[in-house]
Amino acid sequence: MSSISVAMTVNGTRVSESVPARTLLVQLLREQLGLTGTHVGCDTSQCGACNVLVNGRAVKSCTMLAAQADGAEVLTIEGLESDGQLHPMQAAFKEHHALQCGFCTPGMVITAIDLVANDANPGEATIRKYLEGNFCRCTGYHNIVKAIAAGAEAMRS
Amino acid sequence: MADNGIGASVRRVEDDRFLTGRGTFTDDIDRPGQSHAWIVRSPHANAKIKSIDIAKAAAAEGVLAVFTGADMAADEVGSLPCGWDITNRDGSAMKTPPHPPLAVDQARHVGDQVALVIAESRALARDAAELVAIDYEPLAAVTATAAANKPGAPQVWDEIPDNLCYDSGWGDEAATDAAFKQAAHVTTLELINSRIIPNPIEPRVAIGEYDAGNGKHTLYTTSQNPHVIRLLMGPFVLGLAEHKLRVVAPDVGGGFGSKIFHYAEEAIVTWAAKKVGRPVKWTAERSEAFVSDAHGRDHVTTAELALDRGAKFLGFRVRITANMGAYLSTFSTSVPSFFCTSVLGGVYTTPAVYAQIKAVFTNTVPVDAYRGAGRAEANYQLERVVDKAARELGIDPVELRRRNLIPSSAMPYMTPMALEYDSGDFAANMDACLKAADYAGFEQRRAAAAKQGKLRGIGLSVYVEAAGLGPSHLAGKLGAHAGLYESAEVRVHPTGSVTVFTGSHSHGQGHETTFAQVVSEQLGVPLESIEIVHGDTDLIPFGMGTFGSRSIAVGGSAIMVACDKVIAKGKKIAAHMLEAEEANIAFADGVFSDSASNQTLTLGDIALSAYVPHNYPLDSLEPGLDETAFYDPPNFTYPNGCFICEVEIDEETGAVAVVSFTAVDDFGTVINPMVVAGQVHGGVTQGIGQALLENCTYDGDSGQLTTGSYMDYTLPRADDLPTFAVEHNEIPCAHNPIGAKGCGEAGATGSTAAVINAVINALAPLGIEQLDMPATPHVVWRAMQAAKAAAAE
């Protein structure tokens, strides 16, 4: 199996790894870098549990080769806190009980941040539509929708 | 009430780790020297395995070993057990076929485990799996529930005629037949409870590890009940005694029933780890989950309701054919039988109820409990028939229900299925729900929708479940091989902080918060000084785990009893330290006080004395402050409530939109209203999913699963759902110390009928009386076209 070298910035830290060429970005994050907060929930790019920000945009890291992220800025759920404080979107998820088992949560939070980057004040219909690539089996999305609206408001202020 | 005690919407303590990526799910665990397993699965629904050639795979890059069913059989690995025996109507025993972890001579469903490849990486194991050459002889297969028991159907098991696992009867058949004979009206409904694939977002994972130094095995697994897995897999499958087997279920990403059962892969990796001398990890891909996680529901039912001239229910009779799949999963047999039939009386005074249940084998994935197991199927049948009766008799469905509800004054109420409801005010739930949903204003909304080209419908469902599983003596009489108590150990540390070891398991329910609230309330200890530990058989005394809405009602009650023991011992210590009479010692808010002297000691003072017993009654009391309780409930709990759903149907496309959903539930004492509402949202969503979106289908000829990915199986998305209105009507459970009835399954139990009743209500003006789930746009559109064509003739 041929190996390749990839280098990228992950959560602000420059990393350089040698991996089999077929390695997916999510495998690099989870298995090489130990960033297990990013999850794999399906193998057909439907569930969104593996979403990370690549150059500021939400990407399904199970559907991107590590090689494709060469040179990119990658932000995962582990990189959202600053000075030990939750990101406003993380805090909103906690305040509004927007997670139960927590498995889809990292992808949901990443998608929510991506949404707010595109629409600083999304309404309920916009939020629900934007989550079409993220499954949650626990919450019925009710509190996730509320949390994203509240998180967006907190990010504006 | 303690500040963060019972009744407070405390924000969850577990959220910080999940929100920052610090959770530890099973796939996040890597063990030193770990190898990786890939399981070769049958592509055929039914096929003889004529030969397996592993030579090429065994020689492939990075491969450590390749095993087949013959290797496991040679090691005398046993059959995956079914934990619940059902007796046939003629008194004979049900049929229990073998279930080897790896199939030996025949594969019986698409996805059946046939061979195991272990390699240095998952990718290499998967590559090598392609090289395992299996010579299959495909056989005819049967997948449809209604077809399995028909003469001439393909046989799943040669030794089990007509694919019949059991044919059991529940209730009083003669009394029910008599009720139908004197009925003024009988409403009959044939319906299907569609097949569901549970789909927790975390796929199953199992890691086996063997320590040759002490002969001990460890299994890390995505389980709702690690002790049950230790018991089933250890002594019964692998021949391992419990003291040499540790089962760990760390953070688990949702279960919904599907992670209760003992799965083949758990036994396979545990066995294989010793064979290869290295830890073995298996992680399911979603595609594998679709063909290996136990499915849910899948009943074909004829339901009949007998009414007198006053529209009082005289009798309810159902005949159900339930699909077991190809093998009997752990609790499969109990679901259509005990769990479904026990609550067929529902919230009504119906005096006579009878159910005949036939369970059949098919060439499909095993079927077992899914959120609301059995009770959801019962409620769906009953509430659908009641609505149909109301239409046939020209009575408002609310009025028909009102005439037949069990009044709260009749509690405790003995049902014809031998359950004793301890408490509940079903009429109050319904009235509150009607008000919250503005039932009275519906016709105006219907008229407004019609102007927009939308057919609007409203449907309700009143429900009661048997939850809080359950009284062990009753379970034993009903065929269960297990007890249904729960354990708790409350360990007060020397300086007064507390660790609780619970046999319940949290996979989204929030126990680390809600159980701590219970302890905080009982012991007066602040929440931040309480740690809830679960999911490790080496740490927890024992545990039956989490299913059947039992965690707070049974596990929480065990914690209450253990706290009471701590307090009782603390009083003895306090009496000694204060030189007081024990009878004069009271305990409240974390403080022991002597009513005679007004002297006080904190729980921390007592704990320190218990562990540093210099001034301590050592002649009559052991040191330490660490108490264990096993709580066995005297009765089931009976969560109950009312749901009202409103839908709008697009006449052009048949698309159904849920425009509002209102729930009023009686879960008894509510520990954390925020968490409980979240359970309702999730449960209702699973019901809406089943009613409108989700459907597991097999191709009838090939036996292939035709909904084997998220591109074919429609999981509910955010924009398929409304905002929910949820209210609680708290009537404490009368027989457990915590007063809680459980809330995990209610949403899924009561919602399917409310949604389909609303759809039928919207379509009834077109003459449509019956639709089966899921009411997809295709199903609804076809029904509308057929109805319009019929009307035009």
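Analyst: A contact, as the word is used here, means heavy atoms within 4.5 Å. On that basis, residues 24 or more positions apart account for 80% of the contacts in chain B with a separation of 6 or more. The model is predicted, so local features need pLDDT of at least 70 and side-chain atom pairs count only at pLDDT 80 or more, while totals for chains, interfaces and linings use all residues. Residues are numbered from 1 along each chain as its sequence is written, chains are lettered from A and ligands numbered from 1 in the order in which they are written, and side-chain values use heavy atoms, with hydrogens and water left out.

Helices (H or I, at least four residues) and strands (E, at least two) are DSSP runs, numbered from the N terminus; chain B has 21 helices and 28 strands. With a relative accessible area of 0%, B:Ile688 is buried, where buried means under 20% relative accessible area, exposed over 50%, and partly exposed in between, with a 1.4 Å probe and protein chains only. Neighbours within four places in sequence aside, B:Ile688 is in contact with B:Val658, B:Phe661, B:Leu693, B:Leu721, B:Pro722, B:Phe724, B:Ser751 and B:Val755. B:Ala369 is 319 residues away from B:Ile688 in sequence, and their C-alpha atoms are 18 Å apart in space.

For the chain as a whole, 64% of the 793 residues of chain B count as buried. The radius of gyration, taken over C-alpha atoms, is compared with a globule rule of 2.2 Å times the number of residues to the power 0.38. For 793 residues a compact globule would have a value near 28 Å, and the 27 Å of chain B agrees with this. The C-alpha trace of chain B spans about 95 × 70 × 50 Å along its principal axes.

The cysteines complete the picture. A disulfide is a covalent bond between the sulfur atoms of two cysteines; here it is counted when a pair of cysteine sulfur atoms lies within 2.5 Å. The count over all chains is zero. The sulfur of B:Cys165 has its closest cysteine sulfur in B:Cys82, 7.3 Å away and therefore too far for a bond; B:Cys165 is buried at 1% relative accessibility. For B:Cys733, the closest cysteine sulfur is that of B:Cys743, at 14 Å, again too far for a bond, and B:Cys733 is buried at 5% relative accessible area.
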